[in-house]
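Please keep the sequence and the structure in view while reading.

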Amino acid sequence: MRLDVLLARAAKRLQASGSPSPRLDAEVLLCHVLEVDRTWLYTWGDREADSLSRARFDALIAARGQGAPVAYLTGEREFWGLSLRTHDATLIPRPDTESLVEAALARGDAEEGAFLDLGAGTGAIALAFASERPGWQVTGVDLSPQAVALARDNASRLGLSRVRFLESDWFASLEGERFALVVANPPYLADDDPHLAQGDVRFEPRSALVAGDDGLADLYALVHEARRHLLAGGWLLLEHGLEQGAAVRQAFEQAGYDQVATLQDLGARDRVSLGRWKA
C-alpha cells in the first residue's frame with residue numbers, strides 16, 4: 001500500500017476515535033516508524049510501505065486510537081527546539097510551559113548564576129534554560145528516580161554538561177544551597193478536576209498532576225519553602241492553573257515577596273506567577 005493511502009486511512013481511523021489532530025498524529029507516527037521527517041513523507045508519499053513498517057504503524061495507530069499520547073508512543077517530544085526523550089513516568093512537555101522558560105530567561109539575563117528547576121521530569125525546563133544561558137549552573141530535581149535518569153539522559157544527548165539532576169523531594173537534597181532563580185511546574189489540579197479524564201492527561205502520572213487544597217497545596221508550600229533557598233533579590237516562578245493566579249499572588253505577598261505578578265501564555269491565559277525575594 002502506498003504511504004499516502006496508508007496515511008489517509010490511518011487519519012480517518014483516528015478521527016473516528018476522537019483524536020483532536022488525526023492527520024498530524026498519523027504523520028508523526030509514520031515518520032517515527034520510517035525514521036524520516038515529514039518533508040520526506042510529503043515528497044515520497046507514492047512509495048510502498050513494506051509489511052513490517054505497516055504492521056508497526058498499525059499497532060501505533062491502534063494505541064493512539066485508545067488515547068495513548070503520541071509522545072509516549074514515539075518516546076520523544078520537542079520543547080524549546082530541543083528533542084527530548086519522554087517516558088510515562090513523567091509529564092509530557094507542553095508548549096504552554098515555554099512561557100515559564102521565557103519568564104525565567106527575562107529575569108536571568110546575567111552571564112552567570114544558579115538556577116533550580118523543581119520537579120524536573122524530562123528535564124525540559126532546566127535544559128531549555130541551560131541551552132540559552134551556558135554560563136549558569138543549572139540544577140533540576142525530581143522525586144522519581146526514573147525521571148532523574150531520563151533527564152540526565154536528555155542532558156547527555158544534548159551536550160548540556162553544566163546541568164545536574166538530583167533525586168529530591170522538592171528542596172530536601174539541597175540543604176544550604178541558594179539560587180538566583182527557582183522555577184517549578186508543580187502538581188496543581190484538584191483531585192476532581194475534569195481534565196484528569198481527558199486527552200493525554202489520562203495517561204500521565206497522577207502524582208505529577210494532582211495536589212491537595214483544590215490543587216494549591218504544592219504551590220503554597222513552594223512559595224514558603226523557597227525563601228530558604230533564594231539569594232537576596234532572587235526570583236521564584238511557578239506555573240499554575242488558569243484560575244489560580246490570584247491565590248498564588250496572595251501567597252507570594254503574604255510570604256514577603258515583592259514585584260509579585262502573574263504572566264499570561266500565548267493563549268492570553270494566566271499561566272505563571274512570580275515574586276522576588278527581597279530579604
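Arg23 has a relative accessibility of 38% and therefore counts as partly exposed, in a model that is predicted. Its salt-bridge partner is Glu27, with the closest N and O atoms 2.9 Å apart. Glu27, at 4% relative accessibility, counts as buried.

**The pair within helix H2**

- Arg23 and Glu27 both belong to helix H2 (residues 22-34), where they lie 4 residues apart and are separated by about one helical turn.
- An α-helix has 3.6 residues a turn, so residues three or four places apart point the same way.

**Helix H2 and its surroundings**

- Helix H2 has 13 residues and reaches 18 Å from its first C-alpha to its last, which is close to the expected 18 Å.
- The buried residues of H2 are Pro22, Asp25, Ala26, Glu27, Leu29, Leu30, Cys31 and Val33.
- These buried residues pack against four helices: H1 (3-17), H3 (38-43), H4 (51-65) and H5 (70-74).
- After H2 comes Glu35, which has a positive phi near 60 degrees.

- Asp153 and Arg85 form a salt bridge in which the closest N and O atoms are 2.9 Å apart.
- This pair links distant parts of the chain, with Asp153 in helix H8 (residues 145-158) and Arg85 in strand E2 (residues 82-85), 68 residues apart.
- Asp153 is partly exposed, at a relative accessible area of 28%, and Arg85 is also partly exposed, at 40% relative accessibility.

**A salt bridge between two loops**

- Asp96 forms a salt bridge with Arg269, and their closest N and O atoms are 3.2 Å apart.
- Distant parts of the chain are linked by this pair, whose members are 173 residues apart. Asp96 lies in the loop between E2 and helix H6 (98-107), while Arg269 lies in the loop between strand E8 (257-264) and strand E9 (270-277).
- Asp96 counts as partly exposed at 24% relative accessibility, and Arg269 is partly exposed with a relative accessible area of 34%.
- Through salt bridges that share partners, Asp96, Glu239, Asp265, Arg269 and Arg271 are joined into one network.

**The overall count**

- The number of salt bridges comes to 18; among them are the pairs Glu27 with Arg23, Asp153 with Arg85 and Asp96 with Arg269.

Notes. Residues are numbered from 1 along each chain as its sequence is written. This is a predicted model: local features need pLDDT of at least 70, side-chain atom pairs count only at pLDDT 80 or more; totals for chains, interfaces and linings use all residues. Side-chain values use heavy atoms; hydrogens and water are left out. A salt bridge is a side-chain nitrogen of Lys or Arg within 4 Å of a carboxyl oxygen of Asp or Glu. Buried means under 20% relative accessible area, exposed over 50%, partly exposed in between (1.4 Å probe, protein chains only). The expected span of a helix is 1.5 Å times one less than its number of residues. Contact means heavy atoms within 4.5 Å.
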